[in-house]
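Here is a friendly walk through one structure, with a look at its surface, its helices and its charged pairs. Please keep the sequence and the 3D view at hand as you read.

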Amino acid sequence: MFEQEGRRLKFGVMVPSTNTVVQTEFARMRPGGVSNHVSRIHIPDRPLTTEADFAALMERVQAELMAAVDRVMTCRPHALIMGMSAETFWDGPEASARLAADLAARAGGIGVTLASDAFGPAIRAHGDIRRLAVLTPYQKAGEDKVVRFFEGLGFEVVAVGGVQAPGPVEMADLSPRVIRDALIRLNDPAVEAIVQLGTNLPMARLAAVAEFWLDKPVIAVNTALYWHALRRAGITDRVDGFGTLLAAH
């Protein structure tokens, strides 16, 4: 007997219009009876080679985000996922909480999952972890904000490093070898877990492989987002192929 799509849960997912990874990775993680419905936040396909470029991108996302929420709400989702990580970390935990509250209010009070919500529970699901390495596609100013955010959650960031792409679309084209080499550079012996930001980096399946050869948790942002959204909605299905988080917690 087939499982009717969306019978158990419908997710509305907001992603930047340049993002080609969130939709495909979420589709592969989807348990039976769960459906994902993507609404695109319009942003231009422009280079991200300076900190000013990245700041301009954040301003554009803020201007377009609520319209994306309005569009996806017309399919009556049960919960929302913000498929972009930078916006949720940019100004610290208090700003992240305000963003979540604003999104929930716009969506009529349904649950909203942000990367900034998901990472604390996702990391702690693996045990008493304190020391992190963080892989990001951001410029230096963005990396500094990420470090402050994780420190605000009580973690120590031992190492932070980037995998740079010339623009937002090209981020999805970075090869597994490039990402693997970045993970190796970050893997200081003091690091207890590696987390990855940047939802347009194709990292979900690679993280599962990396956990095996690094022998420590490697948590991709899209995996953390989808796991946290499922568990908050009461869906506890285990999904193989994306690392320990979805397979065992």
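Does Val209 count as buried, exposed or partly exposed? Val209 counts as partly exposed because its relative accessibility is 46%; buried means under 20% relative accessible area, exposed over 50%, and partly exposed in between (1.4 Å probe, protein chains only). This is a predicted model, where local features need pLDDT of at least 70, side-chain atom pairs count only at pLDDT 80 or more, and totals for chains, interfaces and linings use all residues. Residues are numbered from 1 along each chain as its sequence is written, and side-chain values use heavy atoms, with hydrogens and water left out.

**Nonpolar surface patch**

- Val209 sits in helix 8; helices are DSSP runs (H or I, at least four residues) numbered from the N terminus.
- Together, Ile184, Val209, Phe212 and Trp213 make a nonpolar surface patch of about 450 Å².
- Patch members have over 30% relative accessible area and no salt bridge, and nonpolar side chains (Val, Leu, Ile, Met, Phe, Trp, Tyr) are joined within 5 Å.
- Accessible areas come from the Shrake-Rupley method with a 1.4 Å probe, and for residues only the protein chains shown count as cover.
- Helix 8 (residues 204-214) gives the most to this patch, with three residues.

- Among the buried residues of helix 5 are Ala115, Phe119 and Ile123.
- The axes of helix 5 (residues 115-124) and helix 9 (residues 221-232) come within 8 Å and cross at roughly 85°; axes are lines fitted to C-alpha atoms, for helices over the stretch in contact, and angles run from 0 to 180 degrees between N-to-C directions.
- That makes helix 5 roughly perpendicular to helix 9, a label for angles of 65 to 115 degrees.
- Contact (heavy atoms within 4.5 Å) involves residues including Phe119 and Pro121 of helix 5, and Leu225 and Trp227 of helix 9.

**Salt bridges**

- The count comes to five salt bridges, each a side-chain nitrogen of Lys or Arg within 4 Å of a carboxyl oxygen of Asp or Glu.
- One of them joins the side chains of Asp70 and Arg106 (2.7 Å, N to O).
- Asp70 lies in helix 2 (residues 51-73) and Arg106 in helix 4 (residues 92-106), so this pair ties together parts that are 36 residues apart in sequence.
- Asp70 is partly exposed at 35% relative accessibility, and Arg106 is partly exposed at 44%.

Notes: Patch = residues over 30% accessible without salt bridge, like charges linked within 9 Å, V, L, I, M, F, W, Y side chains within 5 Å. Helix = DSSP H or I, 4+ residues; strand = E, 2+ residues; numbered from the N terminus. Parallel < 35°, antiparallel > 145°, perpendicular 65-115°, else oblique.
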